[in-house]
Amino acid sequence: ALGRRKRSDDDPDNDLYQKSRSFQATWYTIAWAHGINATFCLLVTTYVVYYHINHPMIGSICQVHAIIVWLKNCSYAFTNRDLRHAYLNPSSAGTLPEIYSQCPYPQNVTISNLAYFWWAPTLVYQPIYPRSPSIRWLFVVKRLAECLALSVFIWLASAQYAAPVLRNSLDKMKTLDIASIIERLMKLSTISLIIWLASFFAIFQSVLNALAEIMRFGDREFYTDWWNSPSVGNYWRTWNKPVYHFMRRHIYSPLVGRGFSSGFASTMVFVFSGLLHELLVGIPTHNILGVAFIVTDDLSDRAVGEDAGD
C-alpha cells in the first residue's frame, strides 16, 4: 500500500503528503524498536546454538524456531503498518482484501490475535484467515503418526546407512583415492535423497497439516507439485510456499512498488534468503562456509526473477 502511492501525493503542499511524512516518522521509530527486539532474540538463540549446543538436530530445531519467530515478527509489524496507514487514510482502505473487514484495524491488535498467528502454519500475517468449521482429531492423529514413523525411519537410515558411509570415506579422503571417494559420494547421495524426501513429507505434509487442523487454518497449500517443475526457478517457488509468500509479500513486491527494478528486488531477495539459509545450516553444524548462501542465492535469483512477470 505504501509503495504504490501516486506521484501527486509527493507534493510538499499536499495535506496528504504532510500526514504521510508524520506517519513515516512514527513508523521509523516503531520499526527500529521492532527490529532491535526481534533481531536480539534471534542473535541470542544463534549464540547459544553455536557455542553451547553440539547436537546438530537439537541445534537445527532451536535455530529454525528462532528464524520462524523472527520472520513472523517482521510480517506482523509490516502488515500492521499498512493497516494503520489504510486506517488513517480511508481513501486507500478499498485496496484491502474483503476478508479483512471481519477484523478491521485496530481490533486485530490483541494478544489472542497475535497468539493465533504465532501458532498458525504461515509466515505472512493477516488480521484474519479462512478457518475450517471444526477440528478433525482423527486426521490430526494420522498426521502425527506419520511424523513419528518417518522420524524413526530417518534416524535408522542415518545411523545404519549414512553414518557408516561417512566413516568409511575418511581414510579414502586422506589418501585422495578419487575412485573410492566418487563411489562413496554416489552411495551417500542416494540415502541423502531418501532422507530429504522423508523429511519433506514429515514436515510439509504431516506436521504442518496437523498444526493447521488444530488451528483450523484454512489455507493448506504448503507446497505444490515441485516434482513436476520444468525449471529450477519453478521448483524454488513451489516446494516451500510459506517462505516464498513471505519473500514476495514483504521484500520483492514492496521494492518493485517503490520504483526499484525487478533485478534489484530479486537481488535483495536472494541475499536475504542466502543469509537465512546460512544461519539455518552453518550455525547448528558449526561450519559457516558460505555454501548454503551461494547455492540459495543462485536458486532464489532464478525463482523470483522468473516470477517477476507473473
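**Legends to the close-up views**

**Close-up A. Leaving aside neighbours within four places in sequence, T79 is in contact (heavy atoms within 4.5 Å) with Y125, R249 and H250.** This is a predicted model, in which local features need pLDDT of at least 70 and side-chain atom pairs count only at pLDDT 80 or more, while totals for chains, interfaces and linings use all residues. Residues are numbered from 1 along each chain as its sequence is written, and side-chain values use heavy atoms, with hydrogens and water left out. T79 belongs to helix α2; helices (H or I, at least four residues) and strands (E, at least two) are DSSP runs, numbered from the N terminus. T79 is buried, its relative accessible area being 2%, where buried means under 20%, exposed over 50% and partly exposed in between (1.4 Å probe, protein chains only).

**Close-up B. Helix α4 carries R143.** This helix spans residues 137-174. R143 has a relative accessibility of 11% and therefore counts as buried. When residues up to four places away in sequence are not counted, R143 touches Q205, S206, N209 and A210.

**Close-up C. Helices α2 and α8 pack with their axes 7 Å apart.** Helix α2 comprises residues 56-88 and helix α8 residues 262-285, and the angle between them is about 150°. Axes here are lines fitted to C-alpha atoms, for helices over the stretch in contact, and angles run from 0 to 180 degrees between N-to-C directions. The angle makes α2 roughly antiparallel to α8, in a scheme where under 35 degrees is roughly parallel, over 145 roughly antiparallel, 65 to 115 roughly perpendicular and the rest oblique. On the α2 side, the contact is formed by P56, G59, S60, Q63, V64, I67, W70 and L71. These residues meet F272, L276, L279, L280, I283 and P284 of α8. The residues of this contact divide into 11 nonpolar, three polar and no charged. In this division Ala, Val, Leu, Ile, Met, Phe, Trp, Tyr, Cys and Pro count as nonpolar, Asp, Glu, Lys and Arg as charged, and the others, Gly among them, as polar.

**Close-up D. Helix α2 also packs with helix α3, with an axis separation of 10 Å.** Helix α3 covers residues 111-119, and the angle between the two helices is about 135°. That angle places α2 oblique to α3. Helix α2 contributes V69, K72, N73, S75 and Y76 to the contact, and helix α3 contributes L114, F117 and W118. Five nonpolar residues, two polar ones and one charged residue make up the contact of α2 with α3.

**Close-up E. A cis peptide bond joins Y105 to P106.** Its omega is near 5°. P106 is located in the loop between α2 and α3. Most residues other than glycine have a negative phi, and most peptide bonds are trans.

Close-up F. Although R216 is not a glycine, its phi is positive, at about 55°. R216 is placed in the loop between α5 (178-215) and α6 (232-238). With 28% relative accessibility, R216 counts as partly exposed. H286, likewise not a glycine, has a positive phi of about 60°. The loop between α8 and α9 (291-307) holds H286. H286 is partly exposed as well, with a relative accessible area of 25%.

**Close-up G. C74 and C103 are both buried.** The relative accessibility of C74 is 15%, and C103 has a relative accessible area of 14%. The count of disulfides (pairs of cysteine sulfur atoms within 2.5 Å) comes to zero.

Close-up H. From the N terminus on, the order of elements is α-α-α-α-α-α-α-α-α. Of the 310 residues in the protein, 37% are buried. Among contacts between residues at least 6 apart in sequence, 66% join residues at least 24 apart.
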